[in-house]
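Good morning, and thank you for coming. Please look at the structure on the screen, and I shall then take you through its main features.

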Amino acid sequence: MARHAILLAAREWCEAASGKVKVYDFIKPRRRRIHALGKGSVCVVLTKAKAGQPQVFYGEFTVTEVKEVDANEYNRLATEGLIHSPQTLKPGEKRWVIFFDEFKEYAVKPRKDELIDVKTTMSEKPISEWVITGLTYIDDQALKAIRRKAGGFIRREERQLQQLLTTRIDELEERVSRLEKLLGVSELAFPITHECAELMLLSIGRQLGFKTYTANSSKTCGNTELDKLADMRRDDLGKYVGPRLLNSLSGIDVVWHREGVGFYLFEVVIGGNMREALLRFSSVGELNAKMFIVSNEDKRNEYERSIGHTAFSTIRNNCTFLSVGELARMYVLTNLWRQSIQPLQLPYISR
């Protein structure tokens with residue numbers, strides 16, 4: 001049976017490993033039984049614990065070589081940029097390192113405490129109860145179960161296109177900022193109804209390549225029916241979640257979904273109840289989705305007080321406040337960006 005492992009690393013290491021970094025190095029000078037890993041072994045990377053943030057399985061890599069290197073070789077690897085945040089080794093010191101070709105980021109990053117049904121063939125306790133301090137061995141059974149939870153990988157091409165998207169948005173942000181300064185306007189501020197906020201969310205989601213859903217398909221913004229911008233129905237949501245979650249998920253104001261990426265959820269609170277919106281998010285918290293409360297800026301303090309309650313501790317790290325003004329700017333920027341990249345014919349957008 002193949003020997004694989006769970007490795008502990010900072011989130012910053014995971015982000016760096018998606019780029020040039022190709023070496024995982026151990027902090028301590030000695031690592032017993034490291035020889036159990038070899039070429040072809042898979043290392044699943046678990047993020048280090050931080051206050052208020054759950055540990056998640058960020059991605060994985062396949063081992064090409066495991067060996068102990070001296071200070072000279074270690075420093076050479078560090079100089080080439082293959083080691084993230086390298087240590088300073090004295091002459092004569094050695095470190096065990098793991099070489100790999102590509103770090104694959106998971107599309108959905110499962111939380112460790114949610115893996116209550118994932119075990120190795122020999123373990124009595126599920127991985128959710130394991131104490132992982134550096135390197136912990138797993139077998140094929142556990143690896144396959146983690147991969148099922150992760151729902152696949154983010155492709156390198158998609159990551160590059162996401163980076164392109166970020167660059168283009170930054171450029172457009174700068175252009176809009178210059179226009180605002182020229183016109184003496186600091187924010188896009190105008191009255192927006194609940195329905196029109198949903199329309200903007202649906203439009204942005206469609207342009208970014210997501211499937212979109214709204215619980216208020218019969219509503220209109222001006223002369224536009226929200227139903228015309230939503231290309232998912234309740235039955236479509238049921239393809240991705242079980243019946244227990246479907247009732248709650250189908251009641252969310254706006255839902256974005258894309259295979260390999262997961263869910264983005266939006267609750268619009270304009271004249272509504274902040275706590276009720278957060279409770280709707282809590283009812284689908286196990287999806288580990290990105291969640292956004294969209295409301296007027298003067299509701300931000302109410303949001304901060306509400307999300308701080310113990311009842312919402314499970315969604316606190318996945319939830320963000322988005323002001324109506326920020327949403328309006330995103331809507332304008334997305335339309336500008338869409339027009340600017342149209343000639344590129346990106347597959348990321350046309351799905």
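Let us begin with Ile 293. Leaving aside neighbours within four places in sequence, Ile 293 is in contact with Glu 267, Val 269, Met 274, Ala 277, Leu 278, Phe 281, Tyr 303, Cys 319, Thr 320, Phe 321 and Leu 322, where contact means heavy atoms within 4.5 Å.

Before going further, a word on the source. This is a predicted model, in which local features need pLDDT of at least 70 and side-chain atom pairs count only at pLDDT 80 or more, while totals for chains, interfaces and linings use all residues. Residues are numbered from 1 along each chain as its sequence is written, and side-chain values use heavy atoms, with hydrogens and water left out.

Buried means under 20% relative accessible area, exposed over 50%, and partly exposed in between, with a 1.4 Å probe and protein chains only. Helices (H or I, at least four residues) and strands (E, at least two) are DSSP runs, numbered from the N terminus.

How many disulfides does the structure hold? It holds one, taking a disulfide as a pair of cysteine sulfur atoms within 2.5 Å. Cys 196 is joined to Cys 221, with an S to S distance of 2.0 Å. Cys 196 lies in helix 5 (residues 194–207) and Cys 221 in strand 8 (residues 220–221), so the bond ties together parts 25 residues apart in sequence. Both cysteines, Cys 196 and Cys 221, are buried.

Strand 6 (residues 135–138) is covered on both faces: Leu 135 and Tyr 137 on one side, and Thr 136 and Ile 138 on the other, are all buried.

Finally, the chain as a whole. The protein chain has 11 helices and 13 strands, and 45% of its 351 residues count as buried. Thank you for your attention.
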